[in-house]
Amino acid sequence: MTFERKRVAKRRSFATHTLSSRSDERIGERAAKRPFTRRDVIRGAATGMISLAMRGNLAGAEPAAKPPNIVFILADDMGYADVACYGRPDLSTPNIDGIAAKGVRLLQAYANSAVCTASRVALITGRYQDRLRIGLEEPLAGNPNVGLPPEHPTLPSLLQKVGYGTTLVGKWHLGVLPKFDPMKSGYDHFYGFRGGALDYYSHENGGGRSDLWDDEVPIHQAGYLTDMLGRRAVEVVNDYAKSGQPFLLSLHFNAPHWPWEAPGDQAETVRLQQEHRGIGDFDGGTQKTYQRMIEDMDRQIGFVLKALEEKGLAENTIVLFTSDNGGERFADTWPFTGKKTELLEGGLRIPAIVSWPARLPQGETTEQVAIGMDWLPTFLAAAGTEPDPAYPSDGMNLLPILMGKHEMVPRQLFWRYKANAQRAARDGDYKFLKILDNTFLFNVVDDPLERANLKERHADIYDRLVREWFAWNSTMLPEIRESYTDSFDGEELADHFGAQPSDQRPDNPRPPKD
């Protein structure tokens, strides 16, 4: 099989493959429908504020006098240093930098996984993704029977219970209709795409099918995807401002995920349609294109921040900007090595910036180790509530530390990734790492490049972390052959010479006897 055919085959099922027949029948009836009307919002606000008034202070929560709005901005495949305030001099990201100037920039933030579906499971549930079948997908690649169970509590569903309006604008990638949907998992409204990636102009997925939706209705609109998501997010802010209802706006961009198309690059859409019949784009892209994609996303974020200011909401709105996992081909992951699909620091370390002018200090940084699943308990605490006790969060509430009311807390975190039998654990400054049959111990604070293997010098620490990883893994679902796992091989990336495509086999080793 040629390289190009192999890559197309590998990516062809990366996004939604079918449309719900039920939705198709309703296209004519609802095609012009907006994600919600002002009447919907006002009605929701009336019932929501009653629910909020009935909630008391819960243990461990940090309620505000008035519940804060939450704007959760997620980039896709953005490297740790792909923001000017994290050190990339060739990028202009004044609006993202502005969030940092008005808030706290985390210097040791991790993704729960090195790829998107798994990390998004952790973000929305606040739990290790390996507790759920959907969390075994690295990423979800066309299996319509796997998705986020509608009965599982999520960040939006838990906020709904205390009176929040909830809207997702952008990427979902946690299952397709008819079984799975953002609106089955706590979102009142949805505007975006269900699969893993979308062409920025044709709005087609890797299978060549349109995947743009307004609630449960497939739609066709012209425009550059990043701009369309930004415009809809501004409309959402304006509508919630009119209603007075506290809200969660999840603004989950496609950018800077491939295909490598910046504003004005319609010709690349046409080329991919004619030459590839897909959007993997392994023979496209440049650093300049990647830079322009990020800068346009920053511009749209600026419009959302401006809407918050104009509506008088900025002071009591939490704004989080982060990425789902580490960077891909054109990303800057300095000072780390590795990238997406790898448990090296570059595949896991991400930018994370949070502001809340009413409560958080401004212009500060923190070395607190954090991970994606921390944001659910953090946001719930800010709203005066907590996770469902039947589904306790594996993350921690970061608010006391972000507010400067508590010293930093040592963390013990765990990862696994099926491709190349990767395993990792971080405890304090040390990190256990396994790739294939090679094992390592690094001090990732002193050695962020992961060069000095300390497993012999500090055998006691190495052995302890290995035992603790196995103890953690025993509480997770086992890896299975049926789940998909992605990785880069030597034909795709020159610096991965010798790397082979994943054979998709699970690796469920037994704990060492010693």
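In this predicted model, helix H14, which spans residues 459–473, lies across the strands E11, E12, E13 and E14. Its direction makes an angle of about 70 degrees with E11. The four strands under discussion form an open sheet, and their order is E11-E12-E13-E14. Pairing in this sheet is antiparallel. At its edges sit strand E11 (412–417) and strand E14 (438–443), each of which pairs on one side only. Neighbouring strands here are turned against each other by 10 degrees on average, direction ignored.

Inside the sheet, strand E12 takes up residues 422–427 and strand E13 residues 430–435. The two run antiparallel and are joined by five bridges. One of the residues involved is Asp427, whose bridge partner in E13 is Tyr430.

Two of these strands turn up again in the largest pocket. E13 and E14 are the elements that give two or more residues to the lining of this pocket, and E14 has the largest share, with three residues. The largest pocket has a volume of about 680 Å³. A total of 30 residues line it, and those that lie nearest its centre are Glu342, Leu344, Ile435, Asp495 and His496. Ile435 belongs to E13, as the strand covers residues 430–435. As for the make-up of the lining of the largest pocket, 11 residues are nonpolar, 11 are polar and eight are charged.

Next comes the second largest pocket, with a volume of about 260 Å³. Its lining counts 16 residues, and the closest to its centre are Gly98, Lys102, Leu305, Glu309 and Ala314. Helix H5 (94–101), helix H10 and strand E8 (317–323) each supply at least two residues to the lining of this pocket. H10 gives the most, namely five residues. Sorted by class, the lining of the second largest pocket divides into six nonpolar, six polar and four charged residues.

Helix H10 itself deserves a word. It runs over residues 287–310, which makes 24 residues. From its first C-alpha to its last, H10 reaches 35 Å, close to the 34 Å expected at 1.5 Å a residue. After H10 comes Gly312, with a positive phi near 70 degrees. Leu305 and Glu309, listed among the residues closest to the centre of the second largest pocket, fall within the stretch 287–310 of H10.

Rolling a probe the size of a water molecule over the atoms shows where empty space is left. The lining of the largest cavity consists of 14 residues, with Arg120, Leu123, Ile124, Tyr187 and His252 nearest its centre. Several elements give two or more residues each to this lining: strand E1 (69–75), helix H6 (116–125), helix H7 (155–160), strand E3 (165–171) and strand E7 (247–252). H6 gives the most, with three residues.

Technical notes: Residues are numbered from 1 along each chain as its sequence is written. This is a predicted model: local features need pLDDT of at least 70, side-chain atom pairs count only at pLDDT 80 or more; totals for chains, interfaces and linings use all residues. Side-chain values use heavy atoms; hydrogens and water are left out. On a 1 Å grid over the protein atoms alone, a cavity is a set of points where a 1.4 Å probe fits but cannot get out, and a pocket is an open set with protein on both sides within 12 Å along at least five of seven lines; lining residues have an atom within 4 Å of a point. Two strands pair if DSSP finds at least two bridges between them. Axes are lines fitted to C-alpha atoms, for helices over the stretch in contact, and angles run from 0 to 180 degrees between N-to-C directions. Contact means heavy atoms within 4.5 Å. The expected span of a helix is 1.5 Å times one less than its number of residues. Grid points are joined across faces, edges and corners, and a volume is the space filled by probe spheres set on the points. Ala, Val, Leu, Ile, Met, Phe, Trp, Tyr, Cys and Pro count as nonpolar, Asp, Glu, Lys and Arg as charged, and the others, Gly among them, as polar.
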